[in-house]
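Biologist: I have a new structure open and want to learn to read it. Can we go through it together, one question at a time?

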Amino acid sequence: MDKIFVSIASYRDQELIDTVFSILRQAKDSSRLFLSIFSQDEVHPDLSGIFKTFNIENYSYEKIHYSNAKGVGYARSKTQESLTTDYKYYLQVDSHTQFIENWDDQIINDYELAQPYWGQLIFSSYPGTYEYTETGNIKIATSLHPTSLRIQETSSPAPFKFEPKYKEYTGGEFGDFHGYFCAGLVFGYSKYFIDTPYDPNIYFNGEEQTMSIRFYCKDIKLVAPPNNYCFHHYSGTKRLRHWENNETWEKYDKIGIQRLNDFFDYKLDATYGISDID
């Protein structure tokens, strides 16, 4: 059976437990999943009951106090520490995500169908959205396709070089090439992410731009998938953000900005830097 490594980095997020439940409940075969969860919180949700319900014994759930958080690059890199080629596929989502029924079968089928068309590729997009009603129920926005993007030059100050803009989905059953790494939904062969791991020194800004360039250098195409497999809670009413409640954020933001300058100045080695195009 082809296994899926699921990466979830969570920061003071009340929806982590709902996300894990949705992943397992909505999967056609939850036994193919390995969840690698990195929680940064004061009180961490107890996930043991959910794993027991779905007979999941093999998973990783690492917890640290939120005061020790260092940013998104650090958190996502922690989830990848146990990633190996024992897992054929890698899925990255945020800790505020709801899944469709049989999402695992559908995303694998769509991905393998797209392989002959694109060659080396990763599915990456911003998923459709969901919100909560006044009664606390989840309301999912109806959307056939995830977000597709176009890249344009940015007016933001250095070191940023480009930014994404939304565009209409124009792809067919094989997806829509856009070349931008969207961290909210990432899916592809695990070997690609072992070869191009997250940089733990990226704080928040530049996460997606640097990953876009690094995969471009490996000739791996970033493609918006043809379907929505999950939905994302963008308004964030049930979570806190590191820069809003953690006094250490400026320290790590400065480290991250310096890292970005080094990245765009070609000062980083091949592991995290810009490499020659394969």
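Biologist: In what order do the eight strands form the open sheet?

Modeller: This is a predicted model, where local features need pLDDT of at least 70, side-chain atom pairs count only at pLDDT 80 or more, and totals for chains, interfaces and linings use all residues. Residues are numbered from 1 along each chain as its sequence is written, and side-chain values use heavy atoms, leaving out hydrogens and water. Strands are DSSP runs of E, at least two residues, and helices are runs of H or I, at least four, both numbered from the N terminus; two strands pair if DSSP finds at least two bridges between them. The pairing in this open sheet is mixed, and the order is β3-β2-β1-β4-β12-β6-β13-β11.

Biologist: Which strands stand at the edges?

Modeller: Look for a strand with a single partner, because one side of such a strand is left without a neighbour in the sheet.

Biologist: In which sense do β6 and β13 pair, parallel or antiparallel?

Modeller: Strands of a sheet pair through backbone hydrogen bonds, in either sense. Here Phe123 stands opposite Val223 in β13. Strand β6 (residues 121-124) and strand β13 (residues 221-224) are joined over three bridges, and the sense is parallel.

Biologist: At about what angle does α4 run to β6?

Modeller: Axes are lines fitted to C-alpha atoms, for helices over the stretch in contact (heavy atoms within 4.5 Å). Angles run from 0 to 180 degrees between N-to-C directions. α4 lies across several strands, including β1 (4-11), β4 (89-94) and β12 (185-189). To β6 it runs at about 135°.

Biologist: How many residues apart in sequence are Asp105 and Arg32?

Modeller: They form a salt bridge (a side-chain nitrogen of Lys or Arg within 4 Å of a carboxyl oxygen of Asp or Glu), with the closest N and O atoms 3.1 Å apart. Asp105 lies in helix α4 (residues 103-118) and Arg32 in the loop between α1 (16-26) and β2 (33-41). Arg32 is buried, at 13% relative accessibility. The pair therefore ties together parts whose separation in sequence is 73 residues.

Biologist: Which residue of α3 does Glu207 bridge to?

Modeller: Glu207 sits in helix α6 (residues 207-217), so this pair ties together parts 131 residues apart in sequence. Both partners are buried. The closest N and O atoms are 2.9 Å apart, and the partner is Arg76.

Biologist: How many disulfides does the count come to?

Modeller: A disulfide is a pair of cysteine sulfur atoms within 2.5 Å. Cys182 is buried at 0% relative accessible area, and Cys230 is buried at 1%. The sulfur of Cys182 is 12 Å from the closest cysteine sulfur, in Cys230, too far for a bond. The count comes to zero.

Definitions and conventions. Buried < 20%, exposed > 50% of the residue type's maximum accessible area, 1.4 Å probe, protein only.
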